[in-house]
Amino acid sequence: MKTQVGIIGGGPSGLLLSQLLHMQGIDTVVLEKRSREYVLGRIRAGVLEHGFANLMREANCGVRMDAEGEIHDGFDIAYDGVRNHVDLKGLTGGNSVIVYGQTELTRDLYEAREKMGGAVIHHAENVQPHDMTSDSPYLTYTKDGEAQRIDCDYIIGADGFHGVSRKSIPKDKIREFERVYPFGWLGVLLNTKPVSPELIYAKHERGFALCSLRSQTLSRYYIQVPLSGSVEDWSDDDFWGELKRRLPADVSAQLETGPSIEKSIAPLRSFVAEPMRHGNMFLAGDAAHIVPPTGARGLNSAASDIYYLYHAMLDHYKKGDDTGLENYSQKALARVWKGQRFSWWMTTLLHQFPENSDFDNKLQQIDLEYLFSSESAMKSLAENYVGLPF
Ligand code: RFL
Ligand code: PHB
């Protein structure tokens, strides 16, 4: 088989790029290891920047997002039993975020790919990129026990943190930067009215908590947990007890609990691989960088990679101009690192770190007090949360 752009990974990054390029007449094939149902069963992001939303619209995938997604003009940070409001709209001069689940967004992308007859191959096993530094790179994989090969102009590694793309780059050609946090997030999803129409991030001495949502009938809650335990250690009742202890009393009193329909633990990690290109293979999204979810940057950072790659590919195929491809890694990384800084800062601000000294804890408290007392600090938070320009 032959294509112009061979994409490894059928998550939001790979699907969005495939859809955008196909609409411009550029041929792509997406190789996804898992089934569509499996990909859609992963409950992940919930908060989108407008830059991302615009890309979804440009990809002809924005109709349901615009109809069902919620515009959020602000959120709360609870600390010491008090809710402090972050007025995103006021602080950024009119910007906001959209609450629309990654599951729904991925479903929209799959449906759009299907409608256009886009090639998305599920259950592609043993995917491997080859000859990445040559002018004729290719992909091999196994499907239903048979070996397959796809020749392409370019390979896109959009196969997430555990994918094969980044790992196929020789160790001396890539540098990795990493911080692993000594805790994870235990998340539950349930069919109840959210405790608050807007998100609440809570700092508490027992650990961080987050009240989020997917819609006004679907709630998503998280608590910081040690990595030593497993999800089986947490009954729903244990979860509600712990969440209530960490929220301000008035919020806990209003919390509607119920049976969880999903429960999982996500470890927290900051990670960046540089450069995001090896010859004619380009990395995008979680394959190249991940953040702790605290600042809601992960999927949004993936979106800016796709924006840069999409325009670079357009320039190459439509104008014969390779400047965008040459500059892709540098340009993408400049924005990625700002997202990294913000996610690290918000994580550091709001979590309990078991190894912290009294001095560290005091500084954390002062950082929060300064934030709530300074409009400049609040503006900086808001500008990063709604997403820096592409
Ligand atoms: P994905 O979604 O991991 O998709 C990669 C795809 O590649 C497939 N794959 C392979 N395919 C073929 N061959 C192989 N060898 C392969 N190896 C893997 C996988 O099956 C998968 O389908 O990466 P992508 O597309 O770059 O998307 C990134 C986002 O998923 C991620 O950044 C966000 O979910 C992060 N995130 C959030 N981001 C936000 O912007 N806002 C949020 O509010 C937010 N909340 C979150 C989050 C992530 C979380 N977890 C669980 C990590 C909340 C949580 C709890
Ligand atoms: C979510 O709803 O899953 C979510 C929202 C905001 C975050 C992280 C996760 O910062």
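**Figure 1. Strand β15 in the shell around ligand 2.** Strand β15 (residues 209-215) supplies the largest share of the shell around ligand 2, 3 residues. Helices (H or I, at least four residues) and strands (E, at least two) are DSSP runs, numbered from the N terminus. The model is predicted: local features need pLDDT of at least 70, side-chain atom pairs count only at pLDDT 80 or more, and totals for chains, interfaces and linings use all residues. Residues are numbered from 1 along each chain as its sequence is written, chains are lettered from A and ligands numbered from 1 in the order in which they are written, and side-chain values use heavy atoms, with hydrogens and water left out. Around ligand 2 are R44, V47, W185, L199, Y201, L210, S212, R214, Y222, P293, T294 and A296, where a residue is near a molecule or strand if one of its heavy atoms lies within 4 Å of it. By class, this shell divides into 8 nonpolar, 2 polar and 2 charged residues. Ala, Val, Leu, Ile, Met, Phe, Trp, Tyr, Cys and Pro count as nonpolar, Asp, Glu, Lys and Arg as charged, and the others, Gly among them, as polar.

**Figure 2. Polar contacts of ligand 2.** A polar contact is a pair of N or O atoms within 3.5 Å; within protein, one must be able to donate a hydrogen and the other to accept it, and residues adjacent in sequence count only if both atoms are side-chain atoms. A polar side-chain atom of R214 is 2.7 Å from an oxygen atom of ligand 2. Backbone N or O atoms also lie at 3.3 Å from a ligand 2 oxygen in the case of R44, and at 3.4 Å in the case of A296. On its own, ligand 2 has 280 Å² of accessible area, of which the protein covers 96%; accessible areas come from the Shrake-Rupley method with a 1.4 Å probe, and for residues only the protein chains shown count as cover.

Figure 3. Of the 33 residues around ligand 1, E32, R42, Q102, D286 and L299 come nearest. The classes in this shell are 14 nonpolar, 11 polar and 8 charged residues. Helix α9 gives the most to the shell, with 3 residues. A backbone N or O atom of N300 lies 3.0 Å from an oxygen atom of ligand 1. Polar backbone atoms of P12 and of V47 are each 3.3 Å from an oxygen atom of the ligand. Taken alone, ligand 1 exposes 1,100 Å², and the protein buries 88% of that. The elements that give two or more residues to the shell are α1 (12-23) and α9 (298-319).

**Figure 4. The crossing of helices α10 and α11.** The axes of α10 (residues 323-350) and α11 (residues 358-373) come within 8 Å and cross at roughly 110 degrees. Axes are lines fitted to C-alpha atoms, for helices over the stretch in contact, and angles run from 0 to 180 degrees between N-to-C directions. The two helices are therefore roughly perpendicular; angles under 35 degrees count as roughly parallel, over 145 as roughly antiparallel, 65 to 115 as roughly perpendicular and the rest as oblique. W345, T348, L349 and L350 in α10 meet Q364, D367, L368 and L371 in α11, contact meaning heavy atoms within 4.5 Å. This contact has 5 nonpolar, 2 polar and 1 charged residues.

**Figure 5. Backbone features in two loops.** E274 and P275 are joined by a cis peptide bond, with omega about -10 degrees. P275 sits in the loop between β17 (262-274) and β18 (277-278). D80, which is not a glycine, has a positive phi of about 60 degrees and lies in the loop between β5 (75-79) and β6 (82-86).
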